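I opened this notebook to keep track of what I looked up, in the order in which I looked it up. The entries follow below.

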Number of protein chains: 2
Amino acid sequence: MASPRSQPSAPGKSGLRASLKKVSPVFAALGDETRLRIIAALCAGGARSIAQLTADTTITRQAVTKHLHVLAEAGLVRDVKQGRERRWEFEPSKVEQARRSLDAISRRWDEALARLKACVEAE
Amino acid sequence: MASPRSQPSAPGKSGLRASLKKVSPVFAALGDETRLRIIAALCAGGARSIAQLTADTTITRQAVTKHLHVLAEAGLVRDVKQGRERRWEFEPSKVEQARRSLDAISRRWDEALARLKACVEAE
DNA sequence: GTCATGCGCAACCACGTGGTTGCATTCCAT
DNA sequence: ATGGAATGCAACCACGTGGTTGCGCATGAC
């Protein structure tokens, strides 16, 4: 149950640069306020239709549709057809992946600081 | 010492949507592979000049300059002038902020799942 | 002083993107 | 069967963005 939010499954050191290519589209998809609000709505209220999501915003239904396609392309969201409706639901795996990337960056930075400190203290 | 990578300082629940507006530019800045590589280089090797950073890539110095300005605008990077050189260094605070936002999203999602589960079990 | 290095600024270009409007389509309901 | 609701598709537009080239300006090295 719940999403795997522990154990960064350390790619640190080696696989960092290799993983950057895979994560950058996720960050790009997250880099828009409207899309972040859509994600917030989806992961708080479960699956919602396009019309429902549009009601929360001031923009057009088609604009929301485009944003949903961008999010789906990045793997952040998934759609389930249901009659003439089409409900969209949050897909947490890519968010976890992005979080691990930020963890890797922070860890690398901390290591660099530790090396610097050790170098200074050895003086 | 080191960056504050523990205690999400829970804005969860209330401040999520309010914080989204502030974090989206950070995600947008992270949403480019070239910029991610620049960040990786900076947080691994400390402060580097534009010419040094350009040597690692295939693109022009001016392109790297533009990327650095985008990163600086997002607060992910800081520059220190030093003679005729201008060294750029990683600025970890915004990365931590972005990480906390992803934490908040994951947490909200987990809570939604827990509510759903409780609702089902009450049936 | 002179020269090369490191950088900034500005113009330019192709392309992506966020947004709109208009119309066609599908499917549930009456 | 007919109407309305939910959606899809396509064209269009303004603007941002990643990238280039060209030129000018400082500053450290000789």
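Entry 1, strand pairing in chain A. Before reading any partners I noted the rule that two strands pair if DSSP finds at least two bridges between them. I also noted that the model is a predicted one. With that rule in hand I looked up A:Asp79, which stands opposite A:Trp88 in β3(A). I then found that A:Arg48 likewise stands opposite A:Trp88 in β3(A). Going from residues to strands, I saw that six bridges join β2 (residues 77–82) of chain A to β3(A), the two running antiparallel, and that two bridges join β1 (residues 48–49) of chain A to β3 (residues 85–90) of chain A, again antiparallel. In the hairpin of β2(A) and β3(A) I counted two residues between the strands, and there A:Gly83 takes a positive phi near 65°.

Entry 2, the sheet of chain B. I asked in what order the strands of chain B form their sheet. The three strands form an open sheet in the order β1-β3-β2, with antiparallel pairing. I wrote down that β1 (48–49) and β2 (77–82) of chain B stand at the edges, each with a single partner strand, so one side of each has no neighbour in the sheet. Two bridges hold the antiparallel pairing of β1(B) with β3(B), and within these strands B:Ser49 stands opposite B:Arg87 in β3(B). Next I checked what packs on this sheet, and found helix α2 (residues 33–45) of chain B touching β1, β2 and β3 of chain B, its direction making about 90° with that of β3(B). Helix α4(B) lies across β2 and β3 of chain B and runs at about 115° to β2(B).

I looked up the contacts between the chains and found 37 residues of chain A in contact with 37 residues of chain B. On the side of chain A that touches chain B, α1 (16–30), α2 (33–45) and α5 (93–121) of chain A each supply at least two residues, and the largest share, 13 residues, comes from α5(A). By class, I recorded 21 nonpolar, five polar and eleven charged residues on that side of chain A.

I placed B:Thr60 in the loop between α3 (50–56) and α4 (61–73) of chain B. Is B:Thr60 buried or exposed? B:Thr60 counts as exposed, because it has 10 C-beta neighbours inside 10 Å, and the cut-off for exposed is 12 or fewer. I also looked up its separation from B:Gly75, 15 residues apart along the chain, and found 23 Å between the C-alpha atoms.

Entry 6, DNA strand C. Of the 19 residues around DNA strand C, A:Thr60, A:Gly83, A:Arg84, B:Ser49 and B:Ala51 come nearest. I noted that α4(A) gives the most to the surface near DNA strand C, with five residues, and that this surface has five nonpolar, eight polar and six charged residues.

Methods: Residues numbered from 1 in each chain as written. Chains lettered and ligands numbered in written order. Predicted model: local features only at pLDDT ≥ 70, side-chain atom pairs only at ≥ 80, totals over all residues. Contact = placed C-beta atoms within 7 Å. Helix = DSSP H or I, 4+ residues; strand = E, 2+ residues; numbered from the N terminus. Nonpolar A, V, L, I, M, F, W, Y, C, P; charged D, E, K, R; others polar. Buried ≥ 20, exposed ≤ 12 C-beta atoms within 10 Å, placed from the backbone. Near = placed C-beta within 6 Å. Axes fitted to C-alpha atoms, helices over the stretch in contact; angles between N-to-C directions.
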